[in-house]
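This briefing goes through one protein model, topic by topic. Please keep the sequence and the 3D view at hand while reading.

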Amino acid sequence: RMLRACVEAGASAVWVTGELSGFKVHGSGHCYFSLKDAEAQIAAVMFRTAARRLRFKPADGMAVLAYGRVSVYE
């Protein structure tokens, strides 16, 4: 919990550009994937409510500009 509090205090919302990798839609409707570039990757989740508002169908290899909160799952 302490790590999560530190991360969330230091970085609220961010924009990230990257390539979608390992994109999967879970039965719950949440989407799990990685965003990567030539130097790094980060695991990400898009919750069902946000996924329903998309105007395109995400796919592996797609370049995206993503906006979200930085957090750590406890």
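In which helix do R4 and E8 both lie, and how many residues apart are they? Both are in helix α1, which covers residues 2-10, and they are 4 residues apart, about one turn of the helix. The model is a predicted one.

**Salt bridges**

- The count of salt bridges comes to 2.
- One of them pairs R4 with E8, and their closest N and O atoms are 3.0 Å apart.
- R4 has a relative accessible area of 31%, so this residue counts as partly exposed.
- E8 is also partly exposed, because its relative accessibility is 30%.
- A salt bridge also forms between the side chains of E8 and R69, with 3.8 Å from N to O.
- This pair links distant parts of the chain, since R69 is in strand β4 and E8 is in helix α1, 61 residues apart.
- R69 is exposed, because its relative accessible area is 62% and the cut-off for exposed is over 50%.
- Through shared partners, the salt bridges join R4, E8 and R69 into one network.
- As a general point, side chains of opposite charge can pair when their charged atoms come close.

**The largest pocket**

- The largest pocket holds about 1100 Å³ of space.
- Its lining is made of 30 residues, and those nearest the centre of the pocket are A44, V45, M46, G68 and R69.
- Four strands each supply at least two residues of this lining: β1 (13-25), β2 (31-36), β3 (41-46) and β4 (63-69).
- Which strand gives the most to the lining of the largest pocket? Strand β4 does, with 6 residues.
- Sorted by class, the lining has 24 nonpolar residues, 4 charged residues and 2 polar residues.

**A nonpolar patch on the surface**

- W15, L65 and Y67 form a nonpolar patch on the surface.
- Together these three residues have about 410 Å² of accessible area.
- L65 is found in strand β4, the strand that gives the most to the lining of the largest pocket.
- Is L65 buried or exposed? L65 is exposed, because its relative accessible area is 55% and exposed means over 50%.

Methods
Residues are numbered from 1 along each chain as its sequence is written. This is a predicted model: local features need pLDDT of at least 70, side-chain atom pairs count only at pLDDT 80 or more; totals for chains, interfaces and linings use all residues. Side-chain values use heavy atoms; hydrogens and water are left out. On a 1 Å grid over the protein atoms alone, a cavity is a set of points where a 1.4 Å probe fits but cannot get out, and a pocket is an open set with protein on both sides within 12 Å along at least five of seven lines; lining residues have an atom within 4 Å of a point. Grid points are joined across faces, edges and corners, and a volume is the space filled by probe spheres set on the points. Ala, Val, Leu, Ile, Met, Phe, Trp, Tyr, Cys and Pro count as nonpolar, Asp, Glu, Lys and Arg as charged, and the others, Gly among them, as polar. Patches are made of residues with over 30% relative accessible area and no salt bridge: like charges are joined within 9 Å, nonpolar side chains (Val, Leu, Ile, Met, Phe, Trp, Tyr) within 5 Å. Accessible areas come from the Shrake-Rupley method with a 1.4 Å probe; for residues, only the protein chains shown count as cover. A salt bridge is a side-chain nitrogen of Lys or Arg within 4 Å of a carboxyl oxygen of Asp or Glu. Buried means under 20% relative accessible area, exposed over 50%, partly exposed in between (1.4 Å probe, protein chains only).
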